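Me: I would like to learn how to read a few features of a protein model. Can we work through them one at a time?

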Amino acid sequence: MALDGIRMPDGCYADGTWELKMHVTDLHRDVSLRVTGEIHIGGVMLKLVEKLDVKKDWSDHALWWEKKKTWLLKTHWTLDKYGIQADARLLFTPQHKLLRLQLPNMKHMKVKVNFSDRVFKAVSDICKTFNIRHPEELSLLRKPRDSKKKKKKLEETEEEALELEGPLLTPGSGSEVIYIGPVKGSIYSSPGLYSKTMTPTYDSRDGSPLSPTSAWFGDSPLSEGNPSILAVSQPISSPDILVKLYKPQSFLDKAKINQGWLDSSRSLMEQDVKENDVLLLRFKYHSFFDLNPKYDAIRVNQLYEQAKWAILLEEIECTEEEMMMFAALQYHINKLSIMSSDNHMNNSEKEVDEVDAALSDLEITLEGGKTSNTLGDITSIPELADYIKVFKPKKLTLKGYKQYWCTFKDITISCYKSREEAHGTPAHQMNLRGCEVTPDVNISGQKFNIKLLIPVADGMNEIWLRCDTEKQYAHWMAACRLASKGKTMADSSYNLEVQNILSFLKMQHMNPDPQFIAEPINTDVNPECLVSPRYLKKYKNKQPGYVRDLITARILEAHQNVAQMSLIEAKMRFIQAWQSLPEFGITHFLARFHGGKKDELIGITYNRLIRMDASTGDAIKTWRFSNMKQWNVNWEIKMVTVEFADEPSLSFVCAEVDCKVVHEFIGGYIFLSTRAKDQNESLDEEMFYKLTSGWV
């Protein structure tokens, strides 16, 4: 026997080699190789492929170390450098694996995704495949489980929804995407290319690009008709779908949903995601940059769908009037979507120009978005002055509103007992920087209230303002929102904000003489699929047919306010109205603050942190990111600490969720705030990881 074949008691051989065990997943074979610690990973894979002697393209394969949950991607590193010894078991497996993605429209796709890439990069590739710009706004979420339902029943429901319809080819990447779920008509492909500078040619109804398709796909049958099914909204077919889906019953349930966000700086395999697992692709950060209907047909539609389901599943609160407005928009979008699916003929240039004009003031903007070209009079800051009713709620008091002459200058409201005393000392004065601004509106009751939570040393002061008219409310609400961000009415977004508020109110108007028809209404409205279960239950003591007709009549009344809108305009209006809801963009987490004795809620939005009451969701204290110096995590005790420029630091421990998720939300919003329109399309991935990864 040769010397090198003698095995020593420690498992090594006399020549210093040892056996490395590997499992080849494609072949379901275990293979052992004689190696030394000095051999590099590339050499190990080469020896393995030679020993297998199977003619196959192994270029996508890599080694996965099960015990350490890590990919061995640095092929020039040696086994010793990775710390791999004879007790290690490695998998030789493809990096690209099938993943079942549930898109915001609740439809499923089977997509080949790189399981070795960090999630941020994997999502970027997915979005490129689906032609969705600004992938930094999206991420992957684990499916929430309803503890009240049996696991087996949930799995059965899920499988029913996953009906294979056919392949969907992806240009350029070579990967296969399979659409899952019932689809009428043919299957369309989504161009895997996008550019902010490309010349748009699009359908005036749904905004889908038309002419580039033939250039990208040539004579392929996929080039016919609508380029992408993802840009088309499909009506909810049955109210049973709403019943089966998970609905959060409280703020704690909403916080539990956010436990499922994947870590963007780690790969899917590192987070125990298996091949064919179901993950949710969702808009994670509610800061939608450069939302342009000319290029973003799919992005707009998926945003609309995420907003629609958030409202129907009661993930976000809205009033009954707002619900009827959303139902009317949804009904209108459903009708136009069916029409556009039946007719894919190109529209004239005149029609396209009309759509351009209709969308000129509809770009959805938050901070960092589109600004007006009109600078206005920069030598003076506009002011507001009017009689406003003011109310300061106190415990054990029944005092109502008191009328004051109020002036709004810069970011401060001053209240005087009368107009004549406006040059003297105000009775009350409020600096609105950093305050929480919440609308409290009832159109039919002509109630136009603004709730202000103004930061003070020991928490927040609550003040309510009552306006007399919609116009007065729109101007004061817009000024309050800007002032909360430290901006004055001289800001270029003020007039646009006023118009958006007035437009939002106008859509909620009902006819002065509503006609509720006692006999059944013959219409294609299906109210059970257009309003949330809460508003159906409101009439639970009524006869089912009467309730249906009653809600249908209200939806049709509200529809008259939106009936002239084009499809893309209606979707943009829906998104805009969603953004106007008080709870929009707040991501909830359960946390215990330093010195606190019970768990509370922390809400994170695009520009601030909010300490909230866990049972009511009321804001207790707000901290703006603009006032933040730094934030960090003590990874040993899982405590997040945020330091501010001119107030005490904030510390809290996350409950039921890894503090890394909260850390990533803060860093992610800071990253998004750095975006500018003069930047190119490429993302600074390393900057994102620096702001979100932490020192793990």
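Reply: This is a predicted model. Of the 696 residues in the chain, 52% count as buried. The chain exposes about 33,700 Å², and carbon and sulfur atoms supply 50% of that area.

Me: How many helices and strands does the chain have?

Reply: The chain has 17 helices and 25 strands. Among contacts between residues at least 6 apart in sequence, 64% join residues at least 24 apart.

Me: How should I read a strand pair, say S6 and S7?

Reply: In a regular strand the side chains alternate between the two faces of the sheet. Here S6 (residues 96-102) and S7 run antiparallel and are joined by 7 bridges. Gln 102 stands opposite His 108 in S7. The two strands form a hairpin with 5 residues between them, and Met 106 in the turn has a positive phi of about 75°.

Me: Is S7 mostly covered or mostly uncovered?

Reply: S7 (residues 108-114) is mostly covered, with 5 of its 7 residues buried.

Me: What should I look for in a helix such as H3?

Reply: An α-helix has 3.6 residues a turn, so residues three or four places apart point the same way. H3 (residues 119-130) has 12 residues and reaches 16 Å from its first C-alpha to its last, close to the 16 Å expected at 1.5 Å a residue. In H3, 9 of the 12 residues are buried, among them Val 119, Ala 122, Val 123, Ile 126 and Phe 130. Asn 131 follows H3 and has a positive phi, near 65°.

Me: How many aromatic pairs are there, and what does one of them look like?

Reply: The structure holds 25 aromatic pairs. One of them is formed by Phe 589 and Phe 665, which are edge-to-face, 5.5 Å centre to centre with 70° between the planes. Phe 589 lies in strand S19 (residues 587-593) and Phe 665 in helix H16 (residues 659-672), so the pair ties together parts that are 76 residues apart in sequence. Phe 589 is buried, with a relative accessible area of 0%, and Phe 665 is buried, also at 0%.

Me: Why is the pair of Phe 593 and Phe 652 called tilted?

Reply: Their planes are at 55°, with the ring centres 5.7 Å apart, so the pair is tilted. This pair links distant parts of the chain, with Phe 593 in strand S19 and Phe 652 in strand S25 (residues 650-654), 59 residues apart. Both residues are buried.

Me: Which residues do ring pairs link into a cluster?

Reply: Ring pairs link Trp 261, Tyr 285, Phe 589, Phe 665 and Tyr 669 into a cluster.

Me: Where do charged ends sit over rings?

Reply: The charged end of Arg 118 sits over the ring of Tyr 689, 3.5 Å from its centre. That of Lys 56 sits over the ring of Trp 58, 5.6 Å from its centre.

Conventions. Residues numbered from 1 in each chain as written. Predicted model: local features only at pLDDT ≥ 70, side-chain atom pairs only at ≥ 80, totals over all residues. Heavy atoms only, no water. Buried < 20%, exposed > 50% of the residue type's maximum accessible area, 1.4 Å probe, protein only. Helix = DSSP H or I, 4+ residues; strand = E, 2+ residues; numbered from the N terminus. Pairing = 2+ DSSP bridges. Expected span 1.5 Å × (residues − 1). Contact = heavy atoms within 4.5 Å. Areas by Shrake-Rupley, 256 points an atom, 1.4 Å probe, with all protein chains shown as cover. Phe/Tyr/Trp six-rings, centres within 6.5 Å; stacked < 30°, edge-to-face > 60°. Lys NZ or Arg CZ within 6 Å of the ring centre and 35° of its normal.
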